[in-house]
Amino acid sequence: MRVVLPFKPQSAVVLLILFNMKFRPNKQSGYSLVEVLIAITVLLISIVGPLTIAQAGLKNASLAKQQNTAFFLAQEGLEVVVKMREDDALPSYVSNPGDDVWSESGVLGIDDLECTSDTPCGVDIANSELFRCDADGETCDLYLFDSGRDRYRHDSTGGEATRYRREISVNVNDTRLHVTARVNWGEDSDEQVELETYIYNIYEN
């Protein structure tokens, strides 16, 4: 005896598949707006943090470079004043050892220049000379040149303007010179370097 089914088995399989597709939850649904916002926030935090650290590192490195340059410029100013003093005093001391070289040499002519903190002087490295800043067109601002022993000069002719300004002040008495070299390149306290030295009257008898 043969049983005749009202429909084919294949049709049942198709219906079952269609039923499952209709009532099965959609597992491929998109992200909600909250999830997207959270993901963007996490991404921004992961990017901004390292960028902020890198920016701070670059700023500190630039400041260190500027401070290093300013330190050497200030040291150069002090060394030139010391050289001027020795070049001024030694010839007189050798030719006339009994003379008071300290007063005879006029102490670098600084008494006439009056290189004080209020009226500072610049220093001509090439010629080993002091000059009053902001007088007769002279300036304490420094300009960068491509060549030469003194690449940073107060002469603006042919040089590239920089942010650096070097000021020399000298306090004179009978026994010593108190020399201060100040280099600044901005208004902040960390944008200034100041060095000082003492030159004593070693020629006094």
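Author: Happy to! The side chains of Arg182 and Glu167 come together in a salt bridge, 3.4 Å from N to O; the term stands for a side-chain nitrogen of Lys or Arg within 4 Å of a carboxyl oxygen of Asp or Glu. This pair links distant parts of the chain, as Arg182 sits in strand β6 (residues 176-184) and Glu167 in strand β5, 15 residues apart. Helices (H or I, at least four residues) and strands (E, at least two) are DSSP runs, numbered from the N terminus. Both Arg182 and Glu167 are buried. Here buried means under 20% relative accessible area, exposed over 50%, and partly exposed in between (1.4 Å probe, protein chains only). Salt bridges with shared partners join Asp141, Arg165, Glu167, Arg182 and Glu194 into one network.

A word on the model: it is predicted, local features need pLDDT of at least 70, side-chain atom pairs count only at pLDDT 80 or more, and totals for chains, interfaces and linings use all residues. Residues are numbered from 1 along each chain as its sequence is written, and side-chain values use heavy atoms, leaving out hydrogens and water.

The structure holds 7 salt bridges. Another one joins Arg166 and Glu76, at 2.9 Å from N to O. Arg166 lies in strand β5 and Glu76 in helix α2, so this pair ties together parts 90 residues apart in sequence. Arg166 is buried, at 0% relative accessible area, while Glu76 is partly exposed at 22%.
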